[in-house]
Amino acid sequence: MQNLENCPGIKVGGYNVNNIKYADDTVLVAENKDDLQKLLNIVEEESSDGNQSETRTSKCDIFINDAILKQQDKFKYLGTIITSDGRNNNEIAARIAQAKTNFQKMRAVLTNKHISIQTRKRVLRCYIEPILLYGCEAWTISKQIEAKLEATELWFLRRMLRIFWT
């Protein structure tokens, strides 16, 4: 990975970024197909095992040893769904579903009238909202998605206060 230091990437805050590493995962980042191919060639030359099983790219033909890499439309990376078009609709829908499922698991506490609403709201903020908003810093939010997130918040509050839709 040290050989990638002077290779092209994208500019982020004035710095050249061509790879992102977390634990044993590495993401190669480039502005175009040719730069990505150069990065991949360097990594392939330096790697000993040439493990391609988890290599994923957006739509372009990238090769290792004259074999084209399998293209993925979407995949899960560090708990977040990454799509080839860069939209977050699938990720946000999955987060909403997970948050609602966990709300239902904690329903006995969150809808208990013997616990003050302030305490129940704190429980919601501590245990349910982090599930809903995990990774939200990287989301691109449209008006439609914003409305879905607001509707989800109201869904939680209506159930906590036992206010029916009608």
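Q: In which segment does P8 lie?
A: The model is predicted. Strand β1 spans 10-12. P8 falls in the segment before β1.

Q: Is P8 buried, partly exposed or exposed?
A: Buried requires under 20% relative accessible area, and exposed requires over 50%. P8 has a relative accessible area of 32%. That makes P8 partly exposed.

Q: Which residues does P8 contact, leaving aside neighbours within four places in sequence?
A: P8 also comes within reach of another part of the chain: its C-alpha lies 9.7 Å from that of N32, 24 residues apart in sequence. With neighbours within four places left aside, the contacts of P8 are N16, N18, V29, D35 and L39.

Q: In what order do the elements of the protein run from the N terminus on?
A: The protein has 5 helices and 8 strands. From the N terminus on, the order is β-β-β-β-α-β-β-β-β-α-α-α-α.

Q: What percentage of contacts between residues at least 6 apart in sequence join residues at least 24 apart?
A: The protein has 166 residues, and 26% of them count as buried. Among contacts between residues at least 6 apart in sequence, the share that joins residues at least 24 apart is 45%.

Q: In which helix do R125 and E129 lie?
A: Their side chains meet in a salt bridge, with N to O at 2.4 Å. R125 counts as partly exposed at 36% relative accessibility. R125 and E129 are 4 residues apart, about one turn, in helix α4.

Q: Are α2 and α4 roughly parallel or roughly antiparallel?
A: Their axes come within 7 Å and cross at roughly 150°. Angles over 145 degrees count as roughly antiparallel. The two helices are therefore roughly antiparallel.

Q: Which residues of α4 meet α2?
A: The crossing of α2 and α4 is right-handed. On the α2 side, the contact uses R95, I96, Q98, A99, N102 and F103. By class, the contact has 7 nonpolar, 2 polar and 1 charged residues. The α4 partners are L124, I128, I131 and L132.

Q: Are α2 and α5 roughly parallel or roughly antiparallel?
A: Helix α5 covers residues 143-161. The axes of α2 and α5 come within 11 Å and cross at roughly 5°. Angles under 35 degrees count as roughly parallel. So α2 and α5 are roughly parallel.

Q: What classes of residue make up the contact of α2 with α5?
A: From α2 come N89, I92, I96, A99, K100, F103 and Q104. From α5 come I145, K148, L149, T152, W155, F156, R159 and M160. By class, this contact has 9 nonpolar, 3 polar and 3 charged residues.

Q: Which residues does I96 touch, not counting those up to four places away in sequence?
A: I96 lies in helix α2. At 12% relative accessibility, I96 counts as buried. Its C-alpha is 9.6 Å from that of E129, 33 residues apart along the chain. Beyond four places in sequence, I96 touches L132, K148, L149 and T152.

Q: What is the handedness of the crossing of α4 and α5?
A: These helices pack at about 145°, with axes 11 Å apart. The α4 side includes I117, R120 and K121, and the α5 side includes L149, T152 and E153. By class, the contact has 9 nonpolar, 1 polar and 4 charged residues. The crossing is right-handed.

Q: What value is phi of R162 near?
A: R162 lies in the segment after α5. R162 is partly exposed, at 45% relative accessible area. Most residues other than glycine have a negative phi. For R162, phi is positive, near 55°.

How values were computed
Residues are numbered from 1 along each chain as its sequence is written. This is a predicted model: local features need pLDDT of at least 70, side-chain atom pairs count only at pLDDT 80 or more; totals for chains, interfaces and linings use all residues. Side-chain values use heavy atoms; hydrogens and water are left out. A salt bridge is a side-chain nitrogen of Lys or Arg within 4 Å of a carboxyl oxygen of Asp or Glu. Buried means under 20% relative accessible area, exposed over 50%, partly exposed in between (1.4 Å probe, protein chains only). Axes are lines fitted to C-alpha atoms, for helices over the stretch in contact, and angles run from 0 to 180 degrees between N-to-C directions. Angles under 35 degrees count as roughly parallel, over 145 as roughly antiparallel, 65 to 115 as roughly perpendicular and the rest as oblique. A crossing is left-handed if the near helix is turned anticlockwise from the far one by less than a right angle, and right-handed if clockwise. Contact means heavy atoms within 4.5 Å. Ala, Val, Leu, Ile, Met, Phe, Trp, Tyr, Cys and Pro count as nonpolar, Asp, Glu, Lys and Arg as charged, and the others, Gly among them, as polar.
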